[in-house]
Amino acid sequence: MTSERLKRHHRQIIKRLIVRGILVLDTPTCLGNGNSDSKNPTDLMLLRDSISDRALLTGASIAGALRNYLHEYEKGYGKDEEENSLATALFGGIRSQEDGDQSPLIVDDALSISVEPTIELRDGVRIDSKTGTAADKAKYDLELLAAGTQFPLCFELVIDKTDDEAKLIKALGLALQGLEKGEIGLGMKKRRGFGRCHVKAWESWLFDLRISEERLAWLMFDYQSTIDATHASISEALDVKLEDEDKRDRFVLKATFKLASPLLIRSSPGSSEYAPDVVHLRSHRQGKPVPVLSGTSLAGVLWHRTERIIETLGKSRTMLAQLFGVVDEKTKEAQASRLIVHESVIENTAELVQNRIAIDRFTGGAYHGALFDEQILCGSNETRINLELELRQPSQAEVGLLLLLLKDLWTSDLPVGGEKSIGRGKLQGIKAEMEWHHRGPTQQTWTITQDGKGKLKVSDKNLLEDCVKSLKAETVCMSKQLCTKIGIDDIVDDETFTAWLEKQAQQWQLDYLLAHAEDGVIWGYFKDSKLTTANHVFPQFPALRLFTLQQCRIFGYPGEVLVWRTGSGLQARLVQDNNGTERLPDEKQILWGTQGKEKNGFTLLSDGQEGLKHAVPLTGIDFESQSEKMHRPVRLVVRHYIDYDNKSGVARIFLSRLVSLTSEKGVTK
C-alpha cells in the first residue's frame with residue numbers, strides 16, 4: 001500500500017441510493033458450485049444456500065456481469081478498462097491501479113424466491129469432426145436452473161461528498177439497463193444460450209443522510225421486505241435520462257424456419273418405465289416443458305459447417321478459432337467465442353413415437369435385443385423455429401461467412417440435431433432479419449423473405465453479396481499467412497500511440513521498432529513492455545510523432561505489426577507465420593555502418609564512405625575483425641512469403657515482413 005493511499009481520509013457519505021428489482025430467468029442458467037467431485041450425480045452441481053437450500057446467485061457474479069457490460073457499452077468490445085471511466089467509477093479501480101478506489105456500489109447475494117426452484121438436467125457431448133460421431137470421454141452433464149426462476153435483486157449506491165453524483169447514477173442506470181433489456185447473461189455457457197434474463201420492474205429510494213429524518217429512515221429500512229416494483233424502466237426509477245452511447249460493434253441475425261423433416265435432439269427420457277428409449281430435448285418455459293433447439297447443438301452444427309467452408313476455400317483455421325473460441329490443450333489458455341448462439345423454442349409441433357431395430361449386417365435379419373423406440377418432433381406449416389445469432393466485432397468477411405451458413409440452413413443443406421443420416425433435422429427458411437449495430441446509434445438492416453412459391457425477396461442484396469465476396473477475397477490472404485487487421489481507435493495523440501505500440505509488442509512478443517517519418521528514420525526497442533527510441537539516447541535523431549509519421553513497423557520472430565498512413569487516417573495490421581504458408585529462407589539485408597559507438601542499448605552507426613548516421617537497437621557488433629575497411633556487418637533480417645499463379649504456375653513474392661536485427665556473425669533464431 002502506497003503512502004498516497006495511507007494519507008486518504010475516511011469517506012464522507014452524504015447519500016445512499018437503494019434500487020431493487022425482480023430478476024427473471026428467460027433460459028436455463030448454470031450457476032455451478034465449482035465442485036466436480038466424482039460422487040456428485042452430475043459433473044457440475046447447482047450452487048445453493050447452505051441454510052435454506054435455495055438457489056444462490058452471488059453478488060460477485062452479478063457485479064462482474066454488470067461491470068463487463070458497462071465497460072463494453074462505454075468503450076466497445078475487446079478494449080482494456082481505463083481510469084476515470086464509468087465502469088471504474090461505479091465498480092472501483094482496475095487491477096493495475098495499486099491505489100484504485102473501492103467500489104461505491106454494494107451488490108447483495110440473491111436467493112431464489114421459490115424454496116424449491118425447478119431444476120433441469122442437461123447433458124452434452126463433443127462431436128469428432130472427422131468421424132461425425134461422439135468423441136471419446138467427451139460427454140458431460142449439468143444441473144441447471146429452469147427458465148422462469150426469479151431472484152430479488154438489491155443494489156445500494158454509496159455517494160461520497162466528493163463524488164460526481166450525476167456520473168455515478170448515470171453509470172448505475174446504464175448497467176441496470178442491460179439487465180432490463182435482457183442483454184446481460186449470467187452463469188456458464190452464456191454464449192451458447194444459457195443464462196439469459198431480464199428485470200421486469202424496479203423500485204428505488206434515495207436517502208439524504210444530512211437530513212435526520214431520512215437518515216433514520218435509511219437505518220430502519222427493511223431489506224427483506226417483499227419487492228413491490230412500481231417502475232417499468234430503470235431510467236424512470238432513477239429519474240435520469242440514459243442517452244444512447246453504445247460503442248459495441250455487433251451483427252445480429254434473426255431467422256424464422258419451419259421443419260422440413262422430423263427433428264430429434266436426444267435427451268434422457270426420465271425415470272418412467274413406459275417412456276420411449278430416446279425423447280427430444282425439452283426445457284421449461286412458463287412452467288411447462290417445451291421442445292427446444294439448444295444453443296450448444298446449433299453451435300456444434302455451425303462449427304462443423306464453418307470448418308468445411310474454410311477448408312474448401314483454402315482458408316486459415318484461425319477464423320474458426322476466432323469465431324467459436326478455442327482452448328489450448330497444452331497451456332489451457334482459452335479464447336472466448338465471439339459468436340453467440342441462443343437457445344430456441346420450437347412452436348406448434350406434433351410428437352411421434354417410432355419403433356426401430358438394428359439390422360445384422362452379416363445375415364440381413366433383425367439384430368437380437370436391438371429393438372428401440374424414439375419420440376421425434378414432426379412439423380407442419382404452422383411450426384416455427386426462431387434462431388438468433390450475434391457476432392461481436394464482426395468483419396465484412398465474417399458476416400459473409402454467416403450468410404453462407406444461413407443459406408445452408410435455409411435450403412435444408414445443413415440439418416440440425418441427431419440422425420441426420422436418415423433425413424432428420426432439415427429446416428426450411430421463411431424470413432430473416434439482420435442488423436449491423438456499429439459504434440454509436442448507426443446501424444444497417446437487411447431482410448430476406450420467401451413466399452409460398454419459393455421466391456426470395458432480399459433487401460440490398462448487392463451489399464450482402466459484397467460481404468460474401470469479401471470472404472473470398474480475404475481467403476487469398478489468410479490462406480497464405482495470418483494477416484489480421486488491428487483496431488486503432490485508442491490512438492489519438494503521441495502518448496496513446498506509444499501506449500498502443502507497447503501493448504502490441506507485449507501481446508505479440510515483439511522486440512524492435514523501425515519507423516519512417518517526414519523528418520527521418522526512427523529505431524527503437526522494447527524492454528519490459530516499454531519502448532525506448534533512438535532520440536532518447538541520441539537527441540539528434542527525430543522523435544516518434546503522429547504528426548510526421550508515414551509508417552511504423554514493430555517486429556520480432558513471432559510476427560510484425562505495421563501501422564501506415566492513408567488519406568483517411570491510420571491503418572494497422574498484424575502478420576504472423578502460418579504452417580501452410582510457403583516462404584523463402586530469411587534474407588539478411590545490409591545496413592549502412594562501417595563503425596559504431598555503443599550507448600544504452602543502441603549503436604550509433606556511421607559510414608565512412610557515405611557519411612550517413614543512424615542508431616540501431618543492437619550492441620556487441622564486431623567492427624575490428626573485418627578484413628575489408630569498408631565492410632558493413634549489421635544486417636536486417638527480412639522474411640518473404642511466396643505464392644503461385646493458378647494459371648501459369650509462376651512463383652512470386654506476395655508479402656514480406658521484418659524479423660530481427662543481427663550482425664554478420666550473428667545467428668538468427
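This report walks through selected local features of the structure above, from its strands to its aromatic rings, charged residues and cysteines.

## Ground rules

The model is predicted, so local features need pLDDT of at least 70 and side-chain atom pairs count only at pLDDT 80 or more, while totals for chains, interfaces and linings use all residues. Residues are numbered from 1 along each chain as its sequence is written, and side-chain values use heavy atoms, with hydrogens and water left out.

Let us start with the strands. Helices (H or I, at least four residues) and strands (E, at least two) are DSSP runs numbered from the N terminus, and two strands pair if DSSP finds at least two bridges between them. Pairing in a sheet works through backbone hydrogen bonds and can be parallel or antiparallel.

S32, S33 and S34 make up an open sheet in the order S32-S33-S34, with antiparallel pairing. Strand S32 (595–599) and strand S34 (613–616) are the edge strands; each has a single partner strand, so one side of each is left without a neighbour in the sheet. From one strand to the next, the twist averages 25 degrees; the axes behind such angles are lines fitted to C-alpha atoms (for helices over the stretch in contact), and the angles run from 0 to 180 degrees between N-to-C directions. Five bridges hold the antiparallel pair of S32 and S33, and Lys597 has Leu604 in S33 as its bridge partner.

## Hairpins and their neighbours

Strand S28 (residues 549–556) runs antiparallel to strand S29 (residues 559–566), joined by six bridges. The two form a hairpin with two residues between them, and Ile554 stands opposite Val561 in S29. S29 also pairs with strand S30 (residues 569–576), again in the antiparallel sense, over eight bridges. Here Leu562 has Arg573 in S30 as its bridge partner.

Ser283 faces Val290 of S13. Two residues lie between the strands of this hairpin, and Gln286 takes a positive phi near 55 degrees. S13 pairs with strand S17 (residues 344–347) as well, antiparallel and over two bridges, with Val345 in S17 as the bridge partner of Val292.

## Aromatic rings

Two quantities describe a pair of aromatic rings: the distance of the centres and the angle of the planes. Rings of Phe, Tyr and Trp (its six-membered ring) pair if their centres lie within 6.5 Å; planes under 30 degrees apart count as stacked, over 60 as edge-to-face and the rest as tilted. The structure holds eleven such pairs. One of them joins Tyr69 and Tyr73, a tilted pair at 5.9 Å centre to centre with 35 degrees between the planes. Both residues lie in helix H2 (residues 59–75), four residues apart, or about one turn of the helix. Tyr69 and Tyr73 are both buried (under 20% relative accessible area, with exposed over 50% and partly exposed in between; 1.4 Å probe, protein chains only).

The rings of Tyr525 and Phe602 are also tilted, because their centres are 5.2 Å apart and their planes stand at 50 degrees. This pair links distant parts of the chain, 77 residues apart: Tyr525 is in strand S26 (residues 520–527) and Phe602 in strand S33 (residues 602–606). Tyr525 and Phe602 are both buried. Elsewhere, Trp205, Phe207, Phe221 and Tyr223 form one aromatic cluster.

Arg250 sits in strand S9 (residues 250–259) and counts as buried, at 10% relative accessibility. Its side chain makes a polar contact of 3.3 Å with that of Asp246. A polar contact is a pair of N or O atoms within 3.5 Å; within protein, one must be able to donate a hydrogen and the other to accept it, and residues adjacent in sequence count only if both atoms are side-chain atoms. Leaving aside residues up to four places away in sequence, Arg250 touches (heavy atoms within 4.5 Å) several residues, including Tyr77, Glu183, Glu390 and Trp436.

Asp408 belongs to helix H9 (residues 396–410) and is buried, with a relative accessible area of 5%. Its side chain makes polar contacts with the side chains of Arg305, at 3.0 Å, and Lys407, at 2.9 Å.

## Cysteines

Searching the whole structure turns up zero disulfides, a disulfide being a pair of cysteine sulfur atoms within 2.5 Å. Cys154 is buried at a relative accessible area of 10%, and Cys467 is buried at 2%.
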